[in-house]
Amino acid sequence: MPFGNTHNEMKLKYASAKEYPDLTKHNNHMAKILTPAIYELLRKRQTPSGFTLDDVIQTGIDNPGHPFIMTVGCVAGDEETYEVFKELLDPVIQDRHGGYKPTDKHKTDLDPAHLKGGDDLDPNYVLSSRVRTGRSVRGFCLPPHCSRGERRAVETLSIEALDTLSGDLKGKYYALKNMSDAEQQQLIDDHFLFDKPVSPLLLASGMARDWPDGRGIWHNVNKTFLVWVNEEDHLRVISMQQGGNMKEVFNRFCTGLTKIEKLFKERKHEFMWNEHLGYVLTCPSNLGTGLRAGVHVKLPNLSKNAKFEEILKKLRLQKRGTGGVDTAAVGGTFDISNADRLGFSEVELVQMVVDGVKLLVEMEKKLEKGQPIDAMIPAQK
Amino acid sequence: MASNFYRILSSKRNVGILSLVGAGSITGAVLLRREHVTASAHVRRTYPASAEYPDLRQHNNCMASHLTPAIYAKLCDKSTPNGYTLDQAIQTGVDNPGHPFIKTVGMVAGDEETYEVFADLLDPIIRERHNGYDCRTMTHPTDLDSSKLHSGRFDERYVLSSRVRTGRSIRGLSLPPACTRAERREVERVTVDALAGLSGDLAGKYYSLTQMTDAEQQQLIDDHFLFDKPVSPLLTCAGMARDWPDARGIWHNNEKTFLVWINEEDHTRVISMEKGGNMKRVFDRFCRGLKEVERMIQEKGWEFMWNEKLGYILTCPSNLGTGLRAGVHVNLPRLSKDPRFSKILDNLRLQKRGTGGVDTAAVGSTFDISNLDRLGQSEVQLVQTVVDGVNYLIECEKKLEKGQDIKVPAPPKGN
């Protein structure tokens, strides 16, 4: 929560050891990396907008984690967080993103022509395809730290830009606080409406302040391109449709994103991006591409196979229930998506999903016929 | 009473402070008079007040009723010496629009100075919440002399249990919405230290939430003593649950009649309770225990947050003054069904709750009956109000048992 300028100074009157959090029961990336020495070094600092070390780590202190799922346990309040607190965040990023080093460069590639195939995933198995990412508007604080004025400014800018989209991207904005009951019901039925966050991971970082002020949903008339404004990030951009034509989904995704970026630039704003971290987002887990490309796919046989987890790991894919992160699969239908975000380009990640899902469906078909799949198990990507 | 506090402003005060590292004045230490406080440090801002003013059109709480754009503009770039801001103080009221039937306060204090620096907003809220109490002109009476209480023994055919609670804040340390981990741990240390000095029927033990064993936890649950991590968004939005369960705990005496909660909604919550209707004994122990604890912390150079305008300073403006809720669990099967019940309670300055506490409904015909008021009357006056009021309710119940009629008592003068 944004304290006043003198709050951090007041804290410095207490010895670092007295302020150091009790992380003995904790299991998240922040708790693994933070030491009393790092805490002492970083607690004197603040970003230009006043985001402090305790602001970064509060969510990780308040949510000790789960023995099986490793959460990140820290958030950024602005773009500078990643620089000012690099002694903590670089190792966290390294741990979370497969050894990504502070000197590594991230490649951005949003040219859909570079994707090979992806238009022929078997619709008997692949029910829907979706690609999502996030974008932050440079110069504004991020959801954990932004003031109401900033959040509203991000909303206003976004509406202005999105309103000029045309063709199959032409659409409409629905502000959460002004929506009619009918509009709200429609958005729920379309599975577009996002709720006030209830996850303590988000609440503890201050992202739900002032709800629903400055929040809303934009979508195109065809309901295949969707933007969330001021939920967990400034913008979440989603392209989706029924069936297995991931190529079309990715085309629309790249076209839409590129257009939106251009519209923001015309208004003298750009997205937060740098060549080391790629796109800068609130949660360190979403750095780089911020991209999750996924399908809902029926794998009733394969999912019961002992090698399922191993195969996913080799393909650099992860499974979730169809309700999203933290849900269980229903009736053998899974959400399968890329596990990585940083260190691979958008094209590379979507390619992995396309190729990987193709292979999973072939394996499923083999198992249906009672045939073995051992020879098909790939090498580690 | 005030003179005791003036005396404490001596070198003894610094004994506690020196346990903090670093030089520099702890500016929160010496504030007894409102005039001494200056709204210090300006807050970093990029947008004008009008762009930051919250949208309160769906809201129904005291903060929303009184926060005009003009007051917001005046206060939004001020902060207390500790760096607590207006936006933080009102965040809980912005995030919790309220309920059409229950009017919540909608703001909290992060430290003692909050009540000074943001007086332009808090004074009218206090006036609304506390029956027109004007802290600019009135003084609050503190009276913990329990010998003044009379007729404090209830008919135990009706009264099942008696309880008095209040809160106390340690001067010089920020309150739960704003405190740092070090400050919160200091509150725990100071309080546990003082409680360890209690003896006789007040001798007891501290159970830290971080260290309690499963067996201790189960016992505390069975005794109905254990408090949980707050789930109410009124509290979580104000930042009171940060770092849970660090530096939180429960202390109680061996007899389980005197209980202190540490670092829950306030620095300390102090509770005296027992089965049956002996409110006099409950209040005796309450006053004795409180005074003992106060004496202990003073020996170490600490004191409670108190001033003659607002009485005891607590996190929520609704608990200013005495912070006292004295209540009973009482059976009133006939009276509770009488249509005049609510009016009788109103005129007696009492409120009813279910036996699960605030926001619960009564089970059967057993009610939690307690004082409505907190500020503007002393502890003795409020407990006497409860004693007189509950005795009146019992008389009504008895009359109805015999088929006699009851009277609605006149409201107190000035209401």
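Residues are termed buried under 20% relative accessible area, exposed over 50%, and partly exposed in between (1.4 Å probe, protein chains only). The structure is a predicted model, in which local features need pLDDT of at least 70 and side-chain atom pairs count only at pLDDT 80 or more, while totals for chains, interfaces and linings use all residues. Residues are numbered from 1 along each chain as its sequence is written, chains are lettered from A and ligands numbered from 1 in the order in which they are written, and side-chain values use heavy atoms, with hydrogens and water left out.

Zero disulfides (pairs of cysteine sulfur atoms within 2.5 Å) were found over all chains. A:Cys283 takes part in no disulfide, the nearest cysteine sulfur, that of A:Cys74, being 7.5 Å away. With 18% relative accessibility, A:Cys283 is buried. B:Cys62 is likewise buried, at 2%, and its sulfur lies 9.0 Å from the closest cysteine sulfur, in B:Cys316, which is too far for a bond.

Over all chains, 57 salt bridges were identified, each defined as a side-chain nitrogen of Lys or Arg within 4 Å of a carboxyl oxygen of Asp or Glu. In B:Arg269 and B:Asp266, the N to O distance is 3.1 Å; B:Arg269 is buried at 9% relative accessibility, as is B:Asp266 at 1%. Salt bridges with shared partners also connect A:Lys11, A:Asp54, B:Arg181, B:Arg184 and B:Asp243 into one network. A further salt bridge joins B:Asp55 to B:Arg57, with the closest N and O atoms 2.8 Å apart. Here B:Asp55 is buried at 18%, whereas B:Arg57 is exposed at 65%.
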